[in-house]
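Please find below a short note on the structure under review.

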Amino acid sequence: MSITVRTQTPAASPRNSSHGTKVAQLTRGALDNGVALAVLVVAFLASTMLQPYPLLILTLALVYAVALFSIVVLTGYVGQVSLCQASFMGLGGFLIGALMGHYGWSYWVAAPVAVAVVFLAGVLVGLPALRLRGLTLAIVTLSLALLADNFLFANVTWLNNNSQGWTIQRPSFLGISLESDGAWLYRVILIVAVVAVIAVLRLRRGRTGKSWYAMRDAEIAAATSGVPVVAMKLLAFGIAASLAALAGALYILAEGSVTADRFNFVASIQLLAIAVIAGTRSLPGAVLGGIFYIVFPQILLNFPALVPLTSLILGAGLILQMITAPQGIGGLLEAAETRLFRRLAGGSAAHESVNEEGDGHATI
Amino acid sequence: MPLSEVRNVTVHFGGVVALADVSMDLLEGELVALIGPNGAGKTTLFNVMSGIQRPTAGSIMYDRRAINDLDTTARARLGIGRTFQTPQAFSTLTVLDNLLLPAWLPRFGGVIADLVPLPGAGRAKRAARDRARGIATFLGIEDTLGRYPTELSLGQRRLIELGRALATSPRLLLLDEPASGLDAGETERFAELLLRVRDVFRLTVLLVEHDMQLVLAVADYLYVLNFGKLLAKGKPNEVVNNPDVIAAYLGGEDERAATAASVRLPPGVVAAPGPTQGEGWVL
């Protein structure tokens with residue numbers, strides 16, 4: 001049926017009219033992009049200034065930021081929960097090791113293949129989510145993580161290289177050996193991470209992301225609005241799994257090796273806990289979480305007495321965050337950015353500049 | 001030829017019979033109202049029609065085909081739109097996005113198109129956006145487009161939900177108590193709006209509503225459900241004078257309070273004297 005309704009009011013609704021002041025033209029999206037660009041510049045400059053060891057730490061933080069971003073997509077954007085994201089990460093790394101080790105594949109071929117395979121695995125894991133939610137789904141995905149620990153990574157010798165894990169020769173990138181050049185290793189990982197994040201953010205801004213939000217807010221109403229709920233949910237699980245696998249691919253690139261103990265169910269639970277503390281709803285939470293996940297143990301190295309208390313500290317942090325900042329540290333940062341934006345744009349203008357197609361979060 | 005038919009639909013929840021052998025015809029262009037006390041099975045019937053609840057027996061016909069095996073999304077795409085008793089607007093999407101999404105869905109490679117800007121991709125979105133704005137203007141909620149549903153009043157949220165349902169390009173629109181929570185003036189304006197919506201969008205409407213003033217003002221035809229059974233059907237004025245309906249609504253002494261609260265009639269259509277409860281009139 002073609003619709004015959006036409007807009008009757010004059011085009012200049014109050015929201016569209018310009019406010020005449022220069023500052024009012026600053027939009028939230030522009031501020032977000034500015035902040036993101038500044039962070040990227042700092043991230044790039046770090047590779048020219050840091051010593052090899054701190055740079056390796058930062059590289060790993062970046063890897064875990066990608067892993068945590070997979071939780072942001074699944075939990076933050078789609079409202080689903082998974083306690084096997086570290087298993088997907090490990091599967092990605094192990095598949096690359098196996099493809100390179102058994103068949104002599106190049107890393108640059110093995111990595112995309114592994115990510116694609118884990119996408120399919122993620123879709124399969126998404127199937128129970130079509131019927132389950134919340135705690136039940138958490139338990140099902142946790143048992144899948146245990147299955148991965150005790151079967152996939154423990155008994156499948158093709159995959160785990162007779163329980164030794166894999167050590168790879170890092171490839172070269174445009175003629176630069178990533179084996180010997182730590183700065184370029186970091187930069188390559190930064191580029192891959194940024195491209196992946198931009199791709200997902202494009203999805204989020206498009207009909208895919210709007211459908212995800214709609215499902216998260218009111219799933220039945222989304223279905224009655226024509227949103228293909230089943231397909232979009234499976235897609236979300238697939239994308240989250242492949243982001244985790246990408247983190248695994250970057251991990252094996254950064255470390256040069258993979259072992260199963262880094263990707264057991266405890267790691268999955270830690271990832272989710274840190275994602276919740278750092279903020280599951282947005283990218284800054286993932287970045288902060290990645291830094292925390294890697295840097296926190298480094299700090300603990302200096303205080304050996306605290307090591308047995310790691311879980312306790314994490315748990316206390318979780319409780320503190322639940323009470324003081326339910327949206328996580330990322331949520332606090334967003335609130336701070338909103339205040340900054342209001343100040344820059346001027347009190348009343350800030351409200352008027354809200355983009356009609358805002359999506360409930362900052363753009364980044 | 002009816003646009004949609006409910007054929008002998010029965011729904012059991014365990015031992016409870018929510019609907020028993022209910023049949024209805026919805027003629028093209030008609031505004032049909034479904035009334036009955038709370039718990040009569042009205043929302044269950046809506047859920048069966050929109051594919052949320054599987055019927056224990058019976059079938060739903062739509063556009064000359066049985067649609068029992070189609071899921072909610074598929075039925076929405078065939079043109080069955082609906083609203084909910086408690087508004088279910090997408091709370092983290094702006095009002096514009098709420099109205100945009102049904103006309104700009106991720107299908108036919110829409111996911112790929114989100115990733116890679118293809119030529120002409122902007123056109124579909126612009127068309128959907130213009131349509132969303134047109135619907136918002138028609139419903140008088142164009143001022144709210146940039147806001148979030150949580151910031152708006154119940155009445156506005158009900159209109160957003162109606163707008164979202166209209167954005168799916170429905171032929172059959174199911175409205176579940178669209179006027180509950182509205183005051184008398186809002187309800188009156190809603191009645192006028194509903195008739196205009198039906199005419200402009202050329203819809204067939206099935207309306208569940210407790211407010212009899214609204215029902216009698218807009219309905220072409222009336223079905224009465226009671227305890228999951230179809231009690232009466234017919235032109236509104238026939239139905240409100242139907243002795244069965246009056247008896248059922250009056251019932252025993254105990255049930256008077258409940259029915260009085262759930263069915264309110266305006267003065268003038270009272271067919272039988274009864275004790276008034278609160279502001280309402282009892283049939």
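The numbered points below concern a predicted model.

1. Composition of chain A. The secondary structure of chain A comprises 15 helices and 4 strands. Of the 364 residues in chain A, 43% are buried.

2. Contacts within chain A. Among the contacts in chain A with a separation of 6 or more, 81% join residues 24 or more positions apart.

3. Span of helix α14 of chain A. This helix covers residues 328-345, 18 residues in total. From its first C-alpha to its last it reaches 26 Å, close to the 26 Å expected at 1.5 Å a residue.

4. The buried residues in α14(A) are A:Gly328, A:Gly330, A:Gly331, A:Leu333, A:Glu334 and A:Ala345. Viewed down the helix axis, the buried residues of α14(A) fall within an arc of 155 degrees, so they line one face of the helix. On the other side of α14(A), the exposed residues are A:Ala335, A:Ala336, A:Arg339, A:Leu340 and A:Arg343. As background, an α-helix has 3.6 residues a turn, so residues three or four places apart point the same way.

5. Contact between the chains. In the model, 39 residues of chain A are in contact with 42 residues of chain B. On the chain B side, the elements that give two or more residues are α2 (72-78), β6 (80-82), α3 (95-100), α4 (110-115) and α5 (121-139). With 6 residues, α5(B) gives the most to this side.

6. The side of chain B that touches chain A has 17 nonpolar, 14 polar and 11 charged residues.

Conventions. Residues are numbered from 1 along each chain as its sequence is written. Chains are lettered from A and ligands numbered from 1 in the order in which they are written. This is a predicted model: local features need pLDDT of at least 70, side-chain atom pairs count only at pLDDT 80 or more; totals for chains, interfaces and linings use all residues. A residue is buried if 20 or more other C-beta atoms lie within 10 Å of its own, exposed if 12 or fewer, and partly exposed in between; C-beta atoms are placed from the backbone. Two residues are in contact if their C-beta atoms, placed from the backbone, lie within 7 Å. The expected span of a helix is 1.5 Å times one less than its number of residues. The arc is that of the directions from the helix axis to the C-beta atoms. Ala, Val, Leu, Ile, Met, Phe, Trp, Tyr, Cys and Pro count as nonpolar, Asp, Glu, Lys and Arg as charged, and the others, Gly among them, as polar.
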